[in-house]
Amino acid sequence: MRIRRFLSSCILLSAILLLALQTRNVAAASAAVPPAASSDKQDKNARPQPMGDGERAFRQNCSRCHQAPESFPPQISGTIVRHMRVRASLSREDERAILKFLNP
Amino acid sequence: MHVSTDCQGFVVVGIRGRTRMGARCKTRTVCPRVQETPGQNDKGLTIARQSLDTRWPRLPQHGAMSYDFHRLHFRIRRRACTIALIVAVALLGQYAGAQDTPLISGGIGFFSNTNGGNTTYLPVLSPVLAAPIGPHLLVESRATILETFFPKGGGQIGYTSAPFLGIDYLQGDLLVSPHLTVVAGEFLTPFGTYNERLTPIWIGNFEDGPLIFGLGTMNTAMGVGGMLRGSAVSTSKYSIDYAAYFSARSTNQQFNSQRSSGGQASIYFPEAGLEVGASYGRRLQDTQQSFPGFHVWWEPVDSPFKLRSEYAHGAHSQGYWIETDYRLSRFGGPTSTIGRLEPVLRLQQTFRNSPDATDSLPSADTQRADFGLDYHFAHEVRIDTSYSRQFSSTGNRNVWETGIVYRFLFPTWKGK
């Protein structure tokens, strides 16, 4: 009985995995766009800008564990990035890129 | 976070599995009554461990042990030193650059846990302080402050409470080179992913930690000593991270040293969103033990789906957990009513090879499924709910958990 229940849980997990794989293809078509582009919904001709080093480093390192804060004062951006450098083992280059991304 | 009742109704508490597994335990002591009752020592601390974990003096209702004023004096003095250090660091931070103002962040939450019919309530505050000093040094710390309200037990009606105050880490980080950071002080043990990444109450999807949390983290989940860490390589194709530490943590009781060492390395492929890593820990005190571990994280690019998993192996037990979550942001965007929902599922399994009261895993083979549903409000507020069903030869159990967390982040002062 216990094994059956656990197997049911495993099947549910597999279903979620399949759902994720399906949505991944959909997601690729509607890739996230930079804030500047997403805010300008009227301009249908606006093309998504290519991902910069800062955004790439942010997604690779910070977004893996948590969502970005909704907002924060610019005077602590350096402290946040240095804190993340230690927590997420950022390289110096990634640290600079993320700092530039947060403070363009 | 985890709360459970055992041993004459005494309620034991843990935040993100840390205290449950003895995050601040100096000497591992297991209550005989708990040992005698099969299934009751699967989870939670005991009376003795709670008293050791809690850096507050023992409360009168906790037992018959009398106050040790010398120990109390030592604790107060040490806490005063810690507070003085934090204040000094904050003051030093005034001389930081325009973007380097010290910050205070963290989370404040209120949680409830119903386990075996007993409901426990926990208001929790978990502040984080980060203060840069000059261009190469950072001092950071995280604390956990909570009050546990639990049933009196023993046929008595009503609730009683117990406070908890602990420093999760207090460390200085010296940025030596672009690929090397030297850490000194009290730090989170770098084993697996859960301890360093998911223990903050505003990050983890479940209130309680995985069952295998104690393996590799040496139960305390923190070390006192030094650590080298950094990014060995970071390109657009892959990146490799590493960490290596040595800890000589001393105990409050007899100033014994609990030496341990270990480290981890992981490689991340950003295009696939795949991370694979290995960890190793070795206890160097008393009976030496090795703890190997592996983890796999898969977070597809541009998809809200996440899969996280860990495996850890000890001399007497082993286990794994797999966690998936999928935020429904595809349905109307992340700020829509549906898009704020995040279903979460975690499966865990532990295997007991031989009896061992020190590794904090259940005393018998255990399977557990956690079903969670989180809701992300605006302004950094999140509600967590979960139902867990645990299967074990020592008894099955249901655990219901709910909580609300607010994450805050602000500078210590206005800055330049």
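# Exercises on a predicted model

**Exercise 1. Which side chains of strand β17 of chain B point to the face where they are buried?**

Solution. 
- Step 1. Strand β17 of chain B covers residues 381-392, and its side chains alternate between two faces.
- Step 2. On one face, R382(B), D384(B), S386(B), S388(B), Q390(B) and S392(B) are buried.
- Step 3. The structure is a predicted model. Burial here requires 20 or more other C-beta atoms within 10 Å of the residue's own.
- Step 4. The general rule behind the pattern is that side chains in a regular strand alternate between the two faces of the sheet.

**Exercise 2. How many bridges join β17(B) to β18(B), and how many join β16(B) to β17(B)?**

Solution. 
- Step 1. Strand β16 (residues 366-376) of chain B runs antiparallel to β17(B), with 11 bridges joining the two.
- Step 2. In this pairing, S386(B) of β17(B) has G372(B) opposite.
- Step 3. Four residues lie between the strands of the β16(B)-β17(B) hairpin, where H379(B) has a positive phi near 60°.
- Step 4. Strand β18 (residues 397-411) of chain B is also antiparallel to β17(B), through 10 bridges.

**Exercise 3. Describe how α4(A) packs against α5(A), starting from the make-up of chain A.**

Solution. 
- Step 1. Chain A has five helices and zero strands.
- Step 2. Two packed helices are described by the angle and the distance between their axes.
- Step 3. For α4 (residues 77-87) and α5 (residues 92-102) of chain A, the axes come within 10 Å and cross at roughly 145°. The crossing is right-handed.
- Step 4. On the α4(A) side, S77(A), G78(A), V81(A) and R85(A) make the contact, meeting E95(A), I98(A), L99(A) and L102(A) of α5(A). By class, this contact has four nonpolar, two polar and two charged residues.

**Exercise 4. Why is α4(A) largely enclosed by the rest of the structure?**

Solution. 
- Step 1. The buried residues of α4(A) include I80(A), H83(A) and M84(A).
- Step 2. Because 10 of its 11 residues are buried, α4(A) is largely enclosed.
- Step 3. In chain A as a whole, 29% of the 104 residues are buried.
- Step 4. After α4(A) comes S89(A), with a positive phi near 50°.

Technical notes
Residues numbered from 1 in each chain as written. Chains lettered and ligands numbered in written order. Predicted model: local features only at pLDDT ≥ 70, side-chain atom pairs only at ≥ 80, totals over all residues. Axes fitted to C-alpha atoms, helices over the stretch in contact; angles between N-to-C directions. Left-handed = near helix turned anticlockwise from the far one by under 90°. Contact = placed C-beta atoms within 7 Å. Nonpolar A, V, L, I, M, F, W, Y, C, P; charged D, E, K, R; others polar. Buried ≥ 20, exposed ≤ 12 C-beta atoms within 10 Å, placed from the backbone. Pairing = 2+ DSSP bridges.
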